[in-house]
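Please keep the viewer open as you read.

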Amino acid sequence: MSSHVADTVLGRSRIAADRLLGFVLLAHFPISLLLATLHGAWTTAFAFALPISLGAFWLSRSAAGTAITRLTIGAGFMAYSAVFIHQAHGMIEAHFHVFASLAFLLVYRDWRVVVAAAATIAVHHVGFHVAQTMGVGVFLLNHTVGGHAVVVVHALFVVFESAILVWMSLQLAREASTTQDVYESLEALGE
């Protein structure tokens, strides 16, 4: 992380967000273990959930405040959505994780993170829907009625939420920039 990042209001808040969300992703692993216990999805827990948690946590500590860390953490939340959905055998309530996690990403005030996360879950949903339909052994939905329609409805909700979050991210980034300008003006006056 460059020292310049830590010198701005937005930079400091992004560093703090990386550290918080890196820990939150680490805390997802015990939930994956619980789902593995309930549904027998141990391979998913150790082959996918554990590396997601450890990788995101490591990045949040070693490269806090960088764009790659923000984007990785955003993708990590969506990857955990995929893990939880699969482990819960497509239970519809497990999809709520997508929407809650997208909202968490607003803390970054970076529209790119929201868009990248939304794209990540879109690729997952299309890929897993096709794979589940072909009988590959992955889970997206716990029913077969209206499968394509359900995927489209989920996509529309993700697009709707993401559009609002992008707008909010831009507004919040502008506010942080304005705050930074005020700090710098006051500092210049003090000199």
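The report below goes from the overall fold to the pocket, and then to a few individual residues.

## Ground rules

This is a predicted model, in which local features need pLDDT of at least 70 and side-chain atom pairs count only at pLDDT 80 or more, while totals for chains, interfaces and linings use all residues. Residues are numbered from 1 along each chain as its sequence is written, and side-chain values use heavy atoms, with hydrogens and water left out.

## Overall fold

The protein has six helices and zero strands, giving the pattern α-α-α-α-α-α along the sequence. Helices (H or I, at least four residues) and strands (E, at least two) are DSSP runs, numbered from the N terminus. The C-alpha trace spans about 70 × 30 × 20 Å along its principal axes.

Of the 191 residues, 42% are buried; buried means under 20% relative accessible area, exposed over 50%, and partly exposed in between, with a 1.4 Å probe and protein chains only. Contact means heavy atoms within 4.5 Å. Among contacts with a separation of 6 or more, 72% join residues 24 or more positions apart.

## The largest pocket

About 170 Å³ of space lies in the largest pocket. A pocket here is an open set of points on a 1 Å grid over the protein atoms alone, where a 1.4 Å probe fits, with protein on both sides within 12 Å along at least five of seven lines; lining residues have an atom within 4 Å of a point. Grid points are joined across faces, edges and corners, and the volume is the space filled by probe spheres set on the points.

The lining has 13 residues, and A118, I121, A122, A155 and V158 are the closest to the pocket centre. Two elements, α5 (111–133) and α6 (147–190), each give two or more residues to the lining, and α6 gives the most, with seven. By class, the lining has 10 nonpolar, three polar and no charged residues. In this scheme Ala, Val, Leu, Ile, Met, Phe, Trp, Tyr, Cys and Pro are nonpolar, Asp, Glu, Lys and Arg are charged, and the others, Gly among them, are polar.

R14 lies in helix α1 (residues 9–39), and leaving aside neighbours within four places in sequence, R14 is in contact with G65, R70, Y108, R109 and D110.

E161, in helix α6, is also buried without a salt bridge, and the nearest side chain of opposite charge, R109, is 16 Å away. Not counting residues up to four places away in sequence, E161 touches F99, L102 and A103.

## Positive phi in two loops

Most residues other than glycine have a negative phi. H89 has a positive phi near 55 degrees and lies in the loop between α3 (67–87) and α4 (96–104). H89 counts as partly exposed because its relative accessibility is 31%.

R109 also has a positive phi, of about 55 degrees, although it is not a glycine. R109 is found in the loop between α4 and α5 and, at 23% relative accessibility, counts as partly exposed.

Methods: Lys, Arg positive; Asp, Glu negative; His and termini not counted. Salt bridge = Lys/Arg side-chain N within 4 Å of Asp/Glu carboxyl O.
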